[in-house]
Amino acid sequence: MTDSTRFELEGKRVWVAGHSGMVGSAVVRRLESEGIGSLISASSSEVDLRRQDATERFVDDTRPEVAIIAAARVGGIHANRSAQADFLYDNVLIAMNSLRACQLAGVEKVAVLGSSCIYPAEADQPMREEYLLTGPLEATNEGYAVAKIAALEYGKMLRHQYDMDVISLMPTNLYGPGDNYDLETSHVLPALLRKTHEAKVSDSSTLTLWGSGRPRREFLHVDDLADAVVFALKNYSGADHLNVGTGEDVSILELARLIGRIVGWDGEYVFDSTMPDGVMRKLLEVGRMRELGWEASTPLEAGIESTYRSFLEETGLTTVEIS
Ligand SMILES: NC(=O)c1ccc[n+]([C@@H]2O[C@H](COP(=O)([O-])OP(=O)(O)OC[C@H]3O[C@@H](n4cnc5c(N)ncnc54)[C@H](OP(=O)(O)O)[C@@H]3O)[C@@H](O)[C@H]2O)c1
């Protein structure tokens with residue numbers, strides 16, 4: 001662990017790249033209590049971060065003092081494996097252009113969001129930060145993972161070469177308000193929430209799970225991640241990246257049953273073995289964040305209950321009594 005330094009956000013001009021996304025909007029909500037000077041943001045149609053000139057012009061014009069890079073092309077296992085090239089291309093460009101623009105404009109502090117898929121597919125569990133680049137990546141999301149590793153390494157090199165204060169956070173699977181419920185592109189938890197709700201309203205007695213239901217995954221509420229981002233900006237400065245998770249995992253079948261209880265559906269699960277399982281276990285070792293003084297605070301059940309309420313509001317579906 002390298003140095004820890006107190007950094008103040010109060011009064012600062014803060015750029016949240018990807019402010020409209022699930023993570024970005026949680027960060028914007030969390031920043032409301034920090035007394036920042038102003039929030040800088042732009043949608044991808046205003047400033048496409050894959051375009052170097054547009055990105056550099058935007059950062060030069062708006063002059064942020066702090067940047068949080070939460071813009072990315074994001075998707076679940078299906079979207080990732082069917083568009084590896086696009087996930088690599090878009091995410092490398094977004095990260096490189098954003099970081100380079102921040103370096104040229106002399107941004108004081110930058111936090112970059114990566115993902116737990118940077119670790120080798122066969123990594124020991126729970127995964128420690130130092131397992132990075134110790135083995136081959138999971139094949140289903142290699143494009144995305146390579147882009148996230150490139151961003152992390154570029155951040156380290158900017159720190160080394162330009163003494164730029166870039167920190168990188170690697171969150172586990174996230175869920176919460178603003179999630180993507182499109183079954184073609186969504187992650188497992190929002191997909192299960194939607195499928196279970198649909199099974200309930202259509203009175204279906206079965207629900208199909210992709211794969212075997214046995215892989216184990218960790219889930220972090222996005223408001224906890226936003227809190228971790230603010231905490232790390234204020235309390236951490238170092239080249240080492242930080243895992244952000246709960247340190248606890250559940251099997252996909254256990255998750256499905258928990259969602260079933262919350263939604264109020266009690267049918268049978270059917271397993272679609274033509275769909276991939278991905279890595280059998282993925283759990284982050286979260287000791288570094290704990291040592292710095294941060295821990296996740298939203299229990300999974302309470303987090304899914306509130307997310308189910310957001311799902312009903314966001315999708316415009318009839319609100320039903322949560323059991
Ligand atoms: N979701 C998860 O479970 C998860 C887990 C671990 C890590 N992360 C990381 O967290 C970060 C944010 O993820 P998220 O779930 O919040 O994604 P999201 O909901 O899909 O939001 C993506 C954001 O990125 C912006 N964006 C996409 N392409 C852009 C482009 N070319 N130029 C400018 N902006 C662009 C979008 O802006 P527009 O809406 O204007 O297009 C949107 O605000 C990513 O780095 C991701 O890797 C997410």
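These legends accompany close-up views of a predicted model. Residues are numbered from 1 along each chain as its sequence is written, and side-chain values use heavy atoms, with hydrogens and water left out. Local features need pLDDT of at least 70, side-chain atom pairs count only at pLDDT 80 or more, and totals for chains, interfaces and linings use all residues.

**View A. The buried residues of helix α1 and their neighbours.** Helix α1 spans residues 22-31 (helices are DSSP runs of H or I, at least four residues; strands are runs of E, at least two; both are numbered from the N terminus). Its buried residues (under 20% relative accessible area, 1.4 Å probe, protein chains only) are Met22, Val23, Gly24, Ala26, Val27 and Leu31. They pack (heavy atoms within 4.5 Å) against β1, β2, β3, β4, β6 and α7.

**View B. Tyr181, Tyr308 and Phe311 form one aromatic cluster.** Rings of Phe, Tyr and Trp (its six-membered ring) pair if their centres lie within 6.5 Å; planes under 30 degrees apart count as stacked, over 60 as edge-to-face and the rest as tilted. By this rule there are five aromatic pairs. Relative accessible area is 7% for tyrosine 181 and 1% for phenylalanine 311. Tyrosine 308 and phenylalanine 311 are stacked, at 6.1 Å and 15°.

**View C. A charge sits over the ring of phenylalanine 7.** The charged end of lysine 12 is 4.3 Å from the ring centre (the rule: NZ of Lys or CZ of Arg within 6 Å of the ring centre and within 35 degrees of the ring normal).

Technical notes: Buried means under 20% relative accessible area, exposed over 50%, partly exposed in between (1.4 Å probe, protein chains only).
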